[in-house]
Structure formats: C-alpha cells, structure tokens
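Please keep the sequence and the three-dimensional view at hand while reading.

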Amino acid sequence: MFTNIEYTDMLLVIGECHSNVAEAVRTYANRFPNRRQPSAHVLRRPIQRARDTGRLAPRIEIESGRPRGARVPDIEELVLNIIAADPSRSTRSIAQQITLSQTNVHRIIAEEGLHPYHLSETHALLHTDYPLRQRFCNWLLEQNRQNSQFLQHILWTDEANFSRDGFFNSCNSHVYATENPHATISFHLQDRFSVNVWAGILGIHLLGPVILPYRLNGPVDHAAAQKNHETRGNNVGFVRGESA
C-alpha cells in the first residue's frame, strides 16, 4: 500500500501537471525515483477518493481481508498495489489474500493493460564477471572508434544440435475438432540420430553450414572456421586461444 505522504505527493504532482495523468506519472517517477511507482490507474484513484470520501488511502488494509461492502475502486487499487509490490504474484494468491474471486483479479489486471510475460533464462554470472565484460565492451567500442570497419572483421559463430526427436512443446500444440480426436505425436524413437551443425557470419558473408563431428571441442570449431575462411578467400586471420 502507498502511504498518506505518497498519496499527498501524487495529488500535488497531478495538480502541478494540470490533471495530465500521463505527464504526472513521468514527473512523479523523476521526482521520486526510489519510491514504488504508481500506474496511471492508481494515480487517478486519490483524486476520486478524496472527492467521494475525503480520504486519500483506500479503506482496505492488505492483511485484513476484504470487508463486506468494500468499494470497488478501493479493491481495484488494492490489487494493483499488490502487483506493484510483487509483479510475480499469482492471481490465485492475490485472490486468496483479499478474499476476491480469481476472475475479478484477472479482470482488474486486464483493464489496467497489464500482460503476463514469461521469464527468460540467462547464464548465471559471478560478481567477478561483470568488470571483465565491461572491460571487453569498452575495448570493443574503442577499437570500433579507431576503425569503423573493425566489427566487419569479427567472425560470429554458433553451433546447434539437430536430433530426430526435435523439440516438442505440448502447451503450444493443439488440434481443433468438435470431439476429442485423442491425437498423439511420437517421440523418443528407438532409432535415434543427431547431427551438429556449425555456421558463422563474417561481415556480410555467411560461412557454412558445416556438419561437425559428434563430439565438439575448441579445435573442431577452429578447424571449421579456418576451412570456410580458406574457401571464401577472405584476408582475415583466425587465432585460436589456448587454455591455460
């Protein structure tokens, strides 16, 4: 929940912006960057609530549940405040916390224009990795500043493994029918095979694809790059770093 001081500052900012809520959202964020930021929907609530009841904060407290006869605007703001405090909260847990139906929680979220976005997996980094990456980026920017064609001489490569099974996501696969056709898909075949494929980009040139051996290592990747380099006839050298 927002405090009375925060609600007061919201009203002052809205008045300063002549009731332009979009501008008020930006002004509030710039003026109070360390505070939890209200959405445009939440920012409108103190005005209407002050006009209707003379109060700034909602009547409902997060831990007390939803009392009988609670005003709909207060409930909507309560839901939005919970999401602002923890954007990863599930609609079920929100509904249970404030004794509201999950359908109504979904409706409030949809009317606010909020959409659920999936998390993306990334490689975990150690705290020592960040300065190394920053140093490399600074070096790369400096090289490109001195030579505008520097990036054109970098070979960008990647490998991929293709198998007979491939990848199957049951959540994204369906069959439209008037009755359940009990459709199936076969995978985990007994006769399996896979192939490793290497490809690279050098400037405007595509290198590969190259079929690699089953087991991959640094020398194999370097050999594939060198082979395509010789085939293309580019005047760019390849240097393979040796592990310590």
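## The hairpin and its sheet

Two residues separate strand 2 from strand 3, and the two strands form a hairpin. Gly-203, in the turn, has a positive phi of about 65°. The structure is a predicted model, and the values in this report are to be read with that in mind.

## How the strands pair

Nine bridges join strand 1 to strand 2 (residues 194-202) in the antiparallel sense. Phe-162 stands opposite Val-195 of strand 2. The antiparallel pairing of strand 2 with strand 3 runs over six bridges. Here Asn-196 has Leu-212 of strand 3 as its bridge partner.

Strand 3 also contains Pro-209. The peptide bond that leads from Gly-208 to Pro-209 is cis, with omega near 5°.

Which residues make the nonpolar surface patch of about 400 Å²? The patch is made by Leu-151, Trp-156, Ile-201 and Leu-206. Of these residues, Trp-156 is found in strand 1 (residues 155-163).

## Loops with a positive phi

Ser-19 is a residue other than glycine, yet its phi is positive, near 65°. Ser-19 lies in the loop between helix 1 (4-16) and helix 2 (21-31). Its relative accessible area is 57%, so Ser-19 is classed as exposed.

Thr-99, likewise not a glycine, has a positive phi of about 50°. The loop that holds Thr-99 runs between helix 5 (91-97) and helix 6 (102-111). Thr-99 is partly exposed because its relative accessible area is 45%.

## Salt bridges

How many salt bridges does the structure hold? There are four salt bridges. One of them joins the side chains of Glu-16 and Arg-31, at 2.8 Å from N to O. This pair links distant parts of the chain, with Glu-16 in helix 1 and Arg-31 in helix 2, 15 residues apart. Glu-16 is partly exposed at 43% relative accessible area, and Arg-31 is partly exposed at 41%.

A salt bridge also joins the side chains of Arg-107 and Glu-76, at 3.8 Å from N to O. Distant parts of the chain are linked here as well: Arg-107 is in helix 6 and Glu-76 in helix 4 (residues 72-85), 31 residues apart. Arg-107 is partly exposed, with a relative accessible area of 32%, whereas Glu-76 has a relative accessibility of 9% and therefore counts as buried. The side chains of Glu-142 and Arg-145 meet in a further salt bridge, at 2.6 Å from N to O. Glu-142 and Arg-145 are three residues apart in helix 7 (residues 129-146), so about one helical turn separates them. Glu-142 counts as partly exposed at 29% relative accessibility, while Arg-145 counts as exposed at 60%.

## Cysteines

A disulfide is a covalent bond between the sulfur atoms of two cysteines. A search of the whole structure finds zero disulfides.

Is Cys-17 buried or exposed? Cys-17 is buried, because its relative accessible area is 5% and the limit for a buried residue is under 20%. Cys-137, in contrast, counts as partly exposed, with a relative accessibility of 42%.

Technical notes: Residues numbered from 1 in each chain as written. Predicted model: local features only at pLDDT ≥ 70, side-chain atom pairs only at ≥ 80, totals over all residues. Heavy atoms only, no water. Patch = residues over 30% accessible without salt bridge, like charges linked within 9 Å, V, L, I, M, F, W, Y side chains within 5 Å. Areas by Shrake-Rupley, 256 points an atom, 1.4 Å probe, with all protein chains shown as cover. Helix = DSSP H or I, 4+ residues; strand = E, 2+ residues; numbered from the N terminus. Pairing = 2+ DSSP bridges. Disulfide = S-S within 2.5 Å. Buried < 20%, exposed > 50% of the residue type's maximum accessible area, 1.4 Å probe, protein only.
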